[in-house]
Amino acid sequence: MSRYFRAKVVSNLPLNKKSNLLTLRPLERAKNPEPGQFYMIEVGNSYDPLLKRPFSYFRKTSEDIQFLYAVRGKGTLLMKDFMEGEIINIIGPLGTGYPKPSRGYIAVLIGGGTGIASIFSLAERLTKNAYILHGAKCREELLAVNELKSLKGESFICTDDGSFGEKGTTVEILEEILTQNSRLKTQNLIYACGPRAMLEAVSKLAADKGIKGYFSLVEYMACGFGACLGCAVKTVHGYKRVCKEGPVFPIEEIVW
Amino acid sequence: MDLTVHIGNLKLKNPVMTASGTFGYGEEYSEFINLNRLGAIVVKGISLEPMEGNPPPRICETPCGMLNAIGLQNIGLKRFLGEKLPYLRKFNTKVIVNILGNTIRDYIRLAQALEDERVDGIELNVSCPNVKKGGIIFGTDKKMLGRLISGVRKSIKKTLLITKLFPNTSNIHEFAKIAEDSGSDAISLINTIPAMAIDIEIWRPKLANITGGLSGPAIRPVAVRMVWEASRAVKIPVIGIGGTMNSDDAIEFMLAGATAIQVGTANFLNPKSTVEIIDGIEKYLKKKGINNIVDIIGALCYA
């Protein structure tokens, strides 16, 4: 069972102006991913762009692997043209995903923008109650809102401009939850993936309140399987590879 | 069909090697390919002491290529010998260790330690563009290069010595000749080309290191030209490096005069590149009715 395999595009549906839901079916036997792991997806077979693109998986169904992606540059623009039936090479599942919450902790899951993809795979697996927070700039950029409702756990949706859900950011909601729970003596554990500014704010809040958790990070990478050393991030234990030791790191180990 | 090539005293089962810095210490690729199939593995550059590398972002994509400024991150000689070499030794392929230092003494200590451990070859990295003290002084100054190579050559007995040349020179044939005259058994070229990319939205360089080394198909024509020039200047084998993505590219380098090739950036896109290249070369030779691969080395026709 090789982690380098061919997959067929089952569908590539636009969810909004920027984002698509891509469904791929492996054509060979493939390993099952763990929440927080990612795949390197080939965006074209000319050498421009040259490299595959890393995406956390969103959902794993019995036959397919699904991804949520937003069009941000050359690579994702090409992905938007993926046609049903097209065959592409992918590598995965890669990296180290989210550890399960330990006994006695209530998980707070935060997905900012497309970061919800990585968080969703974990949310689907949780067997006990949890909080799931998803935020975006505006209604148009929210993702998987209906899927979030179907999950076990209490979900909160917010937008910066108030066009859907609560007006405000996931960090503000997180603060409310943590404050409330500290009165109830509930122990929380944070899991977050999203824009850097969001993660930095969550990390400050977590440090202030003495709460532990995990972030899934993103960095430019060439290979995705530990060889190029391109995706280094600074941690208290020196540089670590997002693709191998990560993408998930304990919050307190990340050096901003 | 015979794919065997000789580099100095080493007999390679085929001309496909990995390029230093793109193949880790081999382990990262073992789940994708059978490492026994490779002509040789050239491992990530090793220094006497571990190096932590440059701050991120360390890589960025450019048209048909990529820039990297990893900064020679490596685990150092001691851990390499203890943790990585024993693993590589399990395979039936040649192990060549790329080494880098700040002084001739550093290179000599590394070379001697590696010869004691009986590695198959040593590749002198005198051309990393991404660190201030990455040996680049040796790669750009002919006198220094000669002194370094003869210093290392005298300090080791029979271990294969390869010098990896820096592409930023208008007279690569002179550097090639110095490598040969100073006792290098082979030369490999080219290393990445110093380059730069800017994010015009934020007016900042795309790499934290500002500049980096360009690799990938974008540099291949430059590399082919330099391999051709170098191979005409020396009798020692030339190893062609630079944007080899498939067997056609490998054959192009060999026709230009390369005895072997190193696959670098292609490994990142497709971890099976090396074995696909070996298969492709075999197919090509069959199609051309050639039984021995050495018949294509430097076989370029001019008229």
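Visitor: How many residue pairs are in polar contact across the interface of domain 1 of chain A and domain 2 of chain A?

Guide: This is a predicted model, and across that interface the rule finds 7 residue pairs in polar contact, counting pairs in which both residues are at pLDDT 80 or more.

Visitor: What area is buried between domain 1 of chain A and domain 2 of chain A?

Guide: About 2,000 Å² is buried between the two domains, and carbon and sulfur atoms give 60% of this area.

Visitor: How many salt bridges cross the interface of these two domains of chain A?

Guide: The idea is to look for a side-chain nitrogen of Lys or Arg within 4 Å of a carboxyl oxygen of Asp or Glu. By that rule, 3 salt bridges are found across the interface of domain 1 and domain 2 of chain A. As an example of a salt bridge in chain A, the side chains of A:Glu141 and A:Lys18 meet at 3.2 Å, N to O.

Visitor: How many salt bridges does the structure hold over all chains?

Guide: Over all chains the structure holds 24 salt bridges. One of them joins the side chains of A:Glu34 and A:Arg125, at 3.1 Å from N to O. A:Glu34 sits in the loop between β2 and β3 of chain A, while A:Arg125 belongs to helix α2 (residues 116-125) of chain A, so this pair ties together parts that are 91 residues apart in sequence.

Visitor: Which strands make up the open sheet of chain A, and in what order?

Guide: In general, strands of a sheet pair through backbone hydrogen bonds, either parallel or antiparallel. Here the open sheet has 7 strands in the order β4-β3-β7-β1-β2-β6-β5 (chain A), and the pairing is antiparallel. At the edges are β4 and β5 (59-60) of chain A, each of which pairs on one side only. To follow one pairing, take strand β1 (residues 4-14) and strand β2 (residues 19-26) of chain A, which pair in the antiparallel sense over 7 bridges. Within this pair, A:Val9 has A:Leu24 in β2(A) as its bridge partner.

Visitor: Which two strands of chain A form a hairpin with 2 residues between them?

Guide: That hairpin is formed by β14(A) and β15(A). Strand β14 covers residues 232-235 and strand β15 covers residues 238-241 of chain A, and the two pair in the antiparallel sense over 4 bridges. The bridge partner of A:Ala232 in β15(A) is A:Arg241.

Visitor: With which residue of chain B does the side chain of A:Arg241 meet in a salt bridge?

Guide: The side chain of A:Arg241 meets that of B:Glu28 at 3.8 Å, N to O. Across the interface of chain B and chain A the rule finds 3 salt bridges, together with 7 residue pairs in polar contact, both residues being at pLDDT 80 or more. On the side of chain B that touches chain A, β5 (59-62), β6 (65-68) and α8 (266-269) of chain B each supply at least two residues. By class, that side has 15 nonpolar, 12 polar and 7 charged residues.

Visitor: How many residues of chain B are in contact with chain A, and what area do the chains bury between them?

Guide: Chain B has 34 residues in contact with 29 residues of chain A. The two chains bury about 2,600 Å² between them, with 62% of it on carbon and sulfur atoms.

Visitor: Where in chain B are cis peptide bonds found?

Guide: One joins B:Pro56 and B:Pro57, with omega about -5°. B:Pro57 lies in the loop between β4 (40-46) and β5 of chain B. Another cis peptide bond joins B:Leu189 and B:Ile190, with omega about 10°. B:Ile190 is in the loop between β10 (186-189) and β11 (193-196) of chain B.

Visitor: Which residue of chain A has a positive phi although it is not a glycine?

Guide: A:Leu229 does, with phi about 60°. A:Leu229 lies in the loop between β13 (212-216) and β14 of chain A.

Key: Residues are numbered from 1 along each chain as its sequence is written. Chains are lettered from A and ligands numbered from 1 in the order in which they are written. This is a predicted model: local features need pLDDT of at least 70, side-chain atom pairs count only at pLDDT 80 or more; totals for chains, interfaces and linings use all residues. Side-chain values use heavy atoms; hydrogens and water are left out. Contact means heavy atoms within 4.5 Å. Buried area is the accessible area (1.4 Å probe) that two parts lose on being put together, summed over both. A polar contact is a pair of N or O atoms within 3.5 Å; within protein, one must be able to donate a hydrogen and the other to accept it, and residues adjacent in sequence count only if both atoms are side-chain atoms. Ala, Val, Leu, Ile, Met, Phe, Trp, Tyr, Cys and Pro count as nonpolar, Asp, Glu, Lys and Arg as charged, and the others, Gly among them, as polar. Two strands pair if DSSP finds at least two bridges between them.
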